[in-house]
Amino acid sequence: MTIAVLRKVDNESVASILREVEKSLKRAQGELVIDFSSVARLDGVALSSLAEFASKADTASVKVILRGVNVDVFKVLVLMKLNSRFSFVN
Amino acid sequence: MIASEVQQERTQVPSGAQPPNDERTAYLDRLVDQARAAAALFSQFTQHEVDRIVTSMVLAGLDQAFRLASLAVEETKLGVLEDKVIKNMVATEFVYNYVKDKRTVGIIREFPERNLVEVAEPIGVIFSLLPITNPTSTVLFKCIMAVKTRNAVIFSPHPKAQTCCAEAVKVMYDAAVANGAPDGIFSCLQSHTLRDNDYLMRHQDVALIDATGGPGLVKAAHSSGKPALGVGAGNTPVYLEKSADLSAAIVDIIISKTFDNGTICASEQTVVIDDEIYDAALAKFADLGAHVCSASETELLSRTVINPSTGFMQPMAIGQKATTIARFIGMSVKPKTKLLVAPIQGVGPEHPLSVEKLFPVLAVYRARSVQEALRVCVSVNHTGGLGHTAVIFSRNDEVIRKFSEVINAGRIIVNSPGSVGALGAVYNDLVPTFSFGCGTGGGNSTSDNVNIYHYLNIKRVARRTQAHMWFRIPNQIYFNMNAVENVRQFSSRSTIIVTNPVLERMGHVDVVRRYLSAETHAHLLVIPDAEPESRAVLEGVEKLNFYNADQIIALGGGSVIDAAKIMKLKYQSPDADLEQLAAPFLDLRKRVVDFPINKIKQARLIAIPTTSGTGSEVTPFAVLTDKDRGRKITLADYSLTPDVAIVDPQFVMSMPKGLTADTGIDCLTHALEAVVSNYASPYTDANAMQAIRMVFKYLPIAYEDPKNEEARCMMHNAACISAMAFANASVGVNHALAHAFGARFGVAHGRANALMLPHVIAYNAGVPTKFMPSPYTQGYVAHKKYAAVADLLELGGGTVEEKVANLIAATEQLLQTLEFPRSIADLGIPKDEFGRVLPELSKAAYDDPSGRSNPRMPLISELVDLLRKAYEGRGAAQQKEIAQLITA
């Protein structure tokens, strides 16, 4: 079952929304889509949250799809070698 | 004394050290992870954000300059507090002044005239090793550089400078993070070991090592396999030349050598003083508080401050006051002595004080001449100081120039203190730094003062540039019947008419003579009717000299005009080396060998062609045969282009049919190759297209009806117009093949061209196996341009392929009308003989410069194929080829 997180994530809410979404991981048998189109920049907390979230999703065997990631944020994920732990769609 | 501590910096060689234990490894990995995350997050920052953080760090550094200097002196027991304060201020304020307006994010520099943009890419995690001699100032400097360039740094302080370094890093870190920098941007190792350094130097996520310190440290950094800025020891020679302002020079040397007790590696080590001012210089040193050592004192210093086993300075002396050193070795000096000046007699192991001494002991040498002084400076430079710093005091520009030529140093400081001068931005406009790149002489990749640009990957975005092209032809061209009359308007006292025996017998020379002005003395030079030979050309030059000619009229075909071009060249520039001028080139404007500009004589060249094909009257080419060496020399330069061309059809009215056909097809080939050439331009296209139209219309008439004046006139013009195109766009593979084949089998040039032409059109119209790189063309357009030719000729066809096929068919038809052989086989050349020479022919065609402007890069195998097709001939094979082309 694919769960789409309809609420848009922005710069400030990355960590808090990921914490909320963690609860859905058990229900999401398959895929989870998070809309990142409003995230213009990651800060340290957001980056840590993403890394942690990726690990939890791995454990739950859930494929996390980030939608609309801008290229600057994507480059941070690449530099942190986190890009391979997510899928990306427009 | 601190001998053991300083020694550690000089001898630590972490390479090959055992890895740290698991707990320590985890700690180091965490530091790297933090730095990597910080660098990744930092990559999103704007220039404005970065600059705001830098400013806050600089202010914090300035505020703490004294405290950090105090900590450094207290912990390291080296140097002078007041000088370390200055170092901290230079590392902040002066560095800030250099970096504040520099762009380090996104586009950092633009070169619109070159269509070039430089874009900054941060490096990532930098592992930075710090020296004991300048600990806090180096931290401040490197932190500012790192933030300005959006990098993260892990610092490894010298074991005996850990506290002051950690405190300096904290000052910078707190200011940076408080103003928005990512957490983890800096960290400073504590209680670390050589194993830790080794581990971090080889860590996969460390992108760059910036090692400032002793030779062992630098060597370890360079041995790690990582990109490294490893900058270390020097041995600064100083030339105090007799023209110098002696009083100012001595003060500068004392300022520099006593600055922070001589701990800056750019400080003066051996001063070579001209004999004339030697005694005065030593007196001034003494007057200003230096102690000039006696021979026995110098010997004592040599034995004590330099390690007799290693030949390096003793750590116990580094960064100590002159009085402390004197007391330690038992030398009696005045209480306020600033500097120990020790006269030495040479450089090298037998003169221990000629090495680097990071303490206020200065060697001096008396030189009896400039040459001796320079030799001694070079010797000092090569005794551990390669690539680092050198100093000269002189008002003689020539001596300064020579010094800078013979000394290998990244910084050559003139009339100012070496140490503070090398730091930059105080006494000169050098980039402020605390790391001196020493070039390859010092085992470094840079000889710069290390700065922000060494902390960046600079990406160069190179947009395609609009290549400049050209269209060059004689500035006067006269054409149509009786155009030769225009000869009379050119004044000349002495004219040489170059022609061949046939044309002379035909009375053409008399026609020309008729129009020369009365005051012109005309002399005839008859050369053989063949490709010009070097011997004939040189004889011609003799005649030009004999008659002191001011005008040359070349009356003939391509051979005569080519000969006249070369005669003019050698007449005007006797030293011109034809062999050298024939050197190959890829781009006419970038050729290695330039044609001579200086001319000892001036002569006008008027070319009057007597055939309608080569177009030599307007081209910059000339071919010369050197029979003695059995080779041809092809010259190409616009200076060879005749000054005046007179295209008068009266001289071609009696051309035989075969020559009419051969030269006419040569003209057509010029135009067809110029149209698709990689050097084609709208200017050459206009000429080439017009020439093609004229050839298709008038060549058959001129061939069938040689007396048809209009056809002759138009073909004569077509040859010239076509030549204007290929003089600027060049030709292509058709000519390359024809040159090779014609030379091997003695076939006339036009005929050889005709045998290749339909095959070459089909070849160029196909999809290239390899595209020819060319800045002048956009995409592959040869097939479309052939189609445009077909449209011009109204050949019909609905698609590009059909139009190309129709052009090939029309060319075939023209060749048939002109009664050209259909194949090489038709010439009577046996197939087996042709097969045997195919490799030689294809190689010769490949080497021919004509092929370099062909739109399709000819592979040797393709040249073989083209030659085979030419052997088999047109007809069935050709039809099949066209059919394939249309299908494709």
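1. Contact here means heavy atoms within 4.5 Å. On that criterion, and with neighbours within four places in sequence left aside, Leu116(B) is in contact with Glu110(B), Phe111(B), Val461(B) and Ala462(B). The structure under review is a predicted model, and the remarks below should be read accordingly.

2. Leu116(B) belongs to strand S2 of chain B, which covers residues 116-122. Its relative accessibility is 14%; since the limit for a buried residue is under 20%, Leu116(B) counts as buried. Its separation from Ala743(B) is 627 residues in sequence and 46 Å in space, taken from C-alpha to C-alpha.

3. The interface between the two chains comes next. Chain A contributes 13 residues that are in contact with 13 residues of chain B. The area buried between chain A and chain B is about 970 Å², and carbon and sulfur atoms give 51% of that area. Of the area that chain A buries against chain B, 50% is supplied by Arg41(A), Met80(A) and Lys81(A), more than by any other three residues.

4. Polar and charged interactions also span this interface. Three salt bridges are found across the interface of chain A and chain B. The side chains of Arg41(A) and Glu49(B) form a salt bridge, with an N to O distance of 2.6 Å. Between chain A and chain B, six residue pairs are in polar contact, counted where both residues have pLDDT 80 or more.

5. Which elements give two or more residues to the side of chain A that touches chain B? They are helix H2 (44-59) and helix H3 (71-79) of chain A. H3(A) gives the most to that side, with five residues. By residue class, the side of chain A that touches chain B divides into seven nonpolar, one polar and five charged residues.

6. Over all chains, a search of the whole structure finds 16 aromatic pairs. For Trp470(B) and Tyr776(B), the ring centres are 6.5 Å apart and the planes stand at 85°, so the pair is edge-to-face. Trp470(B) lies in the loop between strand S15 (456-462) and strand S16 (476-479) of chain B, and Tyr776(B) in the loop between helix H26 (749-765) and helix H27 (782-792) of chain B, so the pair ties together parts that are 306 residues apart in sequence. Trp470(B) and Tyr776(B) are both buried.

7. In the pair Phe834(B) and Tyr871(B), the ring centres are 4.8 Å apart and the planes are at 25°. Why is the pair stacked? Planes under 30 degrees apart count as stacked, and the angle of 25° between Phe834(B) and Tyr871(B) therefore places the pair in that class. Phe834(B) lies in helix H29 of chain B and Tyr871(B) in helix H30 (residues 860-872) of chain B, so this pair ties together parts that are 37 residues apart in sequence. Both Phe834(B) and Tyr871(B) are buried.

8. Two backbone angles deserve attention. Asp260(B), although not a glycine, has a positive phi of about 50°. Asp260(B) sits in the loop between helix H10 (246-258) and strand S9 (268-274) of chain B, and is buried, with a relative accessible area of 0%. Glu819(B), also a residue other than glycine, has a positive phi near 60°. Glu819(B) is placed in the loop between helix H28 (800-817) and helix H29 (831-847) of chain B. Is Glu819(B) buried or exposed? Glu819(B) is exposed, with a relative accessible area of 54%.

Notes: Residues numbered from 1 in each chain as written. Chains lettered and ligands numbered in written order. Predicted model: local features only at pLDDT ≥ 70, side-chain atom pairs only at ≥ 80, totals over all residues. Heavy atoms only, no water. Helix = DSSP H or I, 4+ residues; strand = E, 2+ residues; numbered from the N terminus. Buried < 20%, exposed > 50% of the residue type's maximum accessible area, 1.4 Å probe, protein only. Buried area = accessible area lost by both parts, 1.4 Å probe. Salt bridge = Lys/Arg side-chain N within 4 Å of Asp/Glu carboxyl O. Polar contact = N/O pair within 3.5 Å; in protein donor to acceptor, adjacent residues only side chain to side chain. Nonpolar A, V, L, I, M, F, W, Y, C, P; charged D, E, K, R; others polar. Phe/Tyr/Trp six-rings, centres within 6.5 Å; stacked < 30°, edge-to-face > 60°.
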